Amino acid sequence: MKSTIENTVEFVKKKLEGAEAGHDWYHIERVWKLSKKIAETENCNQDVVEFSALLHDIADPKFHNGDETIAPKIAGEFLEEQQVPEDIIEKVLFIIKNISFKNRGELPAELPVELKIVQDADRIDAIGAIGIGRTFNFGGFKNNLMYDPEIKPSLNMSKDEYKKSNGTTINHFYEKLLLLKDMMNTQKGKELAQERHDYMLGFLDQFYKEWNVD
């Protein structure tokens with residue numbers, strides 16, 4: 001399905017033109033590359049992995065008033081137009097609906113390997129140097145405070161609380177980013193996440209030193 005994958009790349013590039021920098025085409029491209037890297041170590045359907053990676057953020061609910069139905073609708077219509085087999089479309093839409101960190105409490109016990117792969121890739125792109133850059137970019141986009149020592153991280157938030165949260169950018173590390181290493185599904189994902197996790201810990205140490213003028 002090489003030509004269909006190429007069509008999907010062009011579709012996503014056009015659709016995400018002008019998107020917030022943490023959720024733009026370059027984010028998609030990195031997740032796509034990471035997904036292919038992880039898929040090499042797993043027994044999976046390559047087409048499902050690639051379509052899901054490319055379309056997983058085609059309409060991120062954060063930028064659509066929390067509406068989680070838009071992305072599956074856009075992705076489903078596009079894949080149907082490309083005459084992708086129905087069984088592949090169903091698997092891709094399942095991944096799009098269930099990949100998000102905020103939906104982790106609603107997942108079935110057994111996950112398709114393709115979801116595990118793309119979810120790991122998406123979460124890996126949320127940590128490390130790229131993750132730090134994306135986090136501060138989104139915090140600026142939302143006009144959130146960078147840090148306030150008086151505002152403590154809000155742990156164990158419900159899905160609705162997480163969606164509505166406007167906490168500080170530094171608190172987001174504790175509310176999400178530092179949790180992701182231990183949420184990896186695949187062995188390759190765990191290996192890739194560890195280095196990035198350690199990098200974030202070093203960054204936070206340096207941040208607090210500079211904040212406190214030590």
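From the N terminus on, the elements of the protein chain run α-α-α-α-α-α-α-α-α-α. The model is predicted. It holds ten helices and zero strands. Of the 214 residues in the protein chain, 45% are buried. The accessible surface comes to about 11300 Å². Carbon and sulfur atoms account for 48% of that surface. Among contacts with a separation of 6 or more, 69% join residues 24 or more positions apart.

Threonine 4 is found in helix H1, which covers residues 2-15. Its relative accessible area is 11%, so threonine 4 counts as buried, the cut-off being under 20%. With neighbours within four places in sequence left aside, threonine 4 is in contact with Phe51, Gln82 and Val84.

Isoleucine 99 is found in a loop, between H5 and helix H6 (113-124). This residue is also buried, because its relative accessible area is 5%. Isoleucine 99 and serine 52 are 47 residues apart in sequence. In space, their C-alpha atoms are 9.5 Å apart.

Glutamate 50 is a buried charged residue. It lies in helix H3, residues 46-55. Glutamate 50 has no salt bridge. The nearest side chain of opposite charge belongs to lysine 36, 4.4 Å away. A salt bridge needs a nitrogen within 4 Å of a carboxyl oxygen. Glutamate 50 touches Ile5, Trp32 and Lys36, not counting residues up to four places away in sequence.

Elsewhere, charged side chains do pair. The count of salt bridges comes to four. One of them joins lysine 73 and glutamate 77, with the closest N and O atoms 2.9 Å apart. The two residues are four positions apart in helix H4, so about one helical turn separates them. Lysine 73 is exposed, because its relative accessibility is 52%. Glutamate 77 has a relative accessible area of 37% and is therefore partly exposed.

Aspartate 125 and arginine 134 meet through their side chains in a salt bridge, at 3.4 Å from N to O. Aspartate 125 is buried, because its relative accessible area is 1%. Arginine 134 has a value of 14%, so this residue is buried as well. The pair belongs to a network of salt bridges that links Arg30, Asp125 and Arg134.

Lysine 181 and aspartate 182 form another salt bridge, with the closest N and O atoms 2.9 Å apart. Here the two partners fall into opposite classes. Lysine 181 counts as buried, because its relative accessibility is 18%. Aspartate 182 counts as exposed, because its relative accessibility is 63%.

Negative charge also gathers on the surface. A patch there is made of Glu80, Glu81, Glu86, Asp87 and Glu90. Helix H4 (70-81) and helix H5 (86-98) each supply at least two of its residues. H5 gives the most, with three. Glutamate 81, one of the patch residues, is found in helix H4. Its relative accessibility is 62%, so glutamate 81 counts as exposed.

Terms used
Residues numbered from 1 in each chain as written. Predicted model: local features only at pLDDT ≥ 70, side-chain atom pairs only at ≥ 80, totals over all residues. Heavy atoms only, no water. Buried < 20%, exposed > 50% of the residue type's maximum accessible area, 1.4 Å probe, protein only. Contact = heavy atoms within 4.5 Å. Areas by Shrake-Rupley, 256 points an atom, 1.4 Å probe, with all protein chains shown as cover. Patch = residues over 30% accessible without salt bridge, like charges linked within 9 Å, V, L, I, M, F, W, Y side chains within 5 Å. Lys, Arg positive; Asp, Glu negative; His and termini not counted. Charge placed at Lys NZ, Arg CZ, Asp CG, Glu CD.
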